[in-house]
Amino acid sequence: MKYISKLNILFLILVLLLAGMLVLNFYNPPLKTGFYCGVVSVPYDQPILISANSTGEMLYKDNCKSCHKLHAESVGPALSGITERRSKKWIYAFVQNSRGLINKGDTMAINVYNKYNKAEMTSFPTFTKAEIDSILMYIEHSLLYIPEK
Ligand code: HEC
């Protein structure tokens, strides 16, 4: 008699365990949304970062592309990596008024001007820093965007 009740208890525990496992198996905790720390892989042929920055892309294509390429020399130098070569402050000043910088005697501006056969770059005095920033963001993200026609 004692033996049977022990067996019953064991059986009960087993059933409870199985039931618990079954419940856990079907319980999918909701995906947490919010801040994640990690690496998001971006497929090479899908420039999603660029489409997320369409103002910069538009400004670049309308105003800079005629003379600049991202990854190769054109009328002017390749602009990919420009923020590593030059400070933001310098870029703002140069884009807004390159002649002004050259006249002030800025050696970097004079050197690049001479290197490109003294072809004066169009000035964009109405461009705000925010607009130039968006162009720079587009250019920087172009590092992920390899093909260029
Ligand atoms: C008419 C042609 C032309 C246009 C349009 C033009 N650039 Fe330029 N850019 C040049 C040339 C040529 C140089 C080389 C420096 C010089 O000759 O003054 C240059 C140089 C630069 C430099 C300095 C590069 C370095 O390595 O120091 C930056 C930055 C730049 N351009 C950004 C822009 C941006 C941003 C636009 C669009 C808003 C633009 N350029 C539009 C011709 C142009």
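Begin by selecting the ligand, around which 25 residues lie, the closest being Cys64, Cys67, Gly76, Tyr116 and Met121; a residue belongs to this shell if its C-beta atom, placed from the backbone, lies within 6 Å of the molecule. This is a predicted model, in which local features need pLDDT of at least 70 and side-chain atom pairs count only at pLDDT 80 or more, while totals for chains, interfaces and linings use all residues. Residues are numbered from 1 along each chain as its sequence is written.

Next, colour α4 (82-85), α5 (88-96) and α7 (107-115), the elements that give two or more residues each to the shell around the ligand; helices here are DSSP runs of H or I with at least four residues, numbered from the N terminus. The largest share, 3 residues, comes from α5. By class, the shell has 16 nonpolar, 6 polar and 3 charged residues, where Ala, Val, Leu, Ile, Met, Phe, Trp, Tyr, Cys and Pro count as nonpolar, Asp, Glu, Lys and Arg as charged, and the others, Gly among them, as polar.

Then select helix α3 (residues 54-63) with helix α8 (residues 129-141), which pack at an angle of about 95° with their axes 7 Å apart; axes are lines fitted to C-alpha atoms over the stretch in contact, and angles run from 0 to 180 degrees between N-to-C directions. α3 is therefore roughly perpendicular to α8, a term for angles of 65 to 115 degrees.

Finally, stay on α8, where Ile132, Ser134, Ile135, Leu136, Tyr138, Ile139 and His141 are buried, that is, with 20 or more other C-beta atoms within 10 Å of their own, C-beta atoms being placed from the backbone.

Note on methods: Parallel < 35°, antiparallel > 145°, perpendicular 65-115°, else oblique. Buried ≥ 20, exposed ≤ 12 C-beta atoms within 10 Å, placed from the backbone.
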